[in-house]
Amino acid sequence: MTGSVRIDSWLWAVRAYKTRSAATTACRAGHIRLNGDKVKAAQPVRVGDEVRVRISGFDRILIVRQLLVKRVGAPLAALAFDDRTPEREPQAALGLRDRGAGRPTKRERRDIDKLRGRSAPDSNIFSD
């Protein structure tokens, strides 16, 4: 095997992206870092390099263990890198409604506002 592989090809081969063009687009957008530097799609990656992939707002940290040119099955792809991504703390879904549930009622809206920490408007605006 050669000493280096294009980073977009490697990201596609290890199944970080569904298509090679998606990996290339991520490189152009600056979502891929190789050893701390933003890279172009043709940048060569070598064994031992640290690749940071920004997917849906979070960074995945991958250490290259094996160079792959062609896409392989998921079990073999998992052996090609060491995942050093730190654990994310679970985030609570505050005030999310089911899709198609319609517009919230006044009571539901007040409950959602209370969950989100918003103060309710003065309820006694007509009192003397």
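The legends below describe close-up views of a predicted model. Residues are numbered from 1 along each chain as its sequence is written, and side-chain values use heavy atoms, with hydrogens and water left out. Because the model is predicted, local features need pLDDT of at least 70 and side-chain atom pairs count only at pLDDT 80 or more, whereas totals for chains, interfaces and linings use all residues.

View 1. Five strands, in the order β3-β2-β5-β6-β7, form an open sheet with antiparallel pairing; strands are DSSP runs of E with at least two residues, helices are runs of H or I with at least four, and both are numbered from the N terminus. Since β3 (37-38) and β7 (81-83) stand at the edges with a single partner strand each, one side of each is left without a neighbour in the sheet.

**View 2. The pairing of β2 with β3.** Strand β2 (residues 32-34) runs antiparallel to β3 and is joined to it by two bridges, where pairing requires that DSSP finds at least two bridges between the strands. R33 has K38 in β3 as its bridge partner.

View 3. D8, placed in helix α1 (residues 7-13), is buried at a relative accessible area of 1% (buried is under 20%, exposed over 50%, partly exposed in between, with a 1.4 Å probe and protein chains only). Leaving aside residues up to four places away in sequence, D8 touches R20, A23, T24 and A41, contact meaning heavy atoms within 4.5 Å.

**View 4. A22 in relation to D8.** A22 lies in helix α2 (residues 20-29) and is partly exposed, with a relative accessible area of 29%. A22 and D8 are 14 residues apart in sequence, and their C-alpha atoms are 8.5 Å apart in space.
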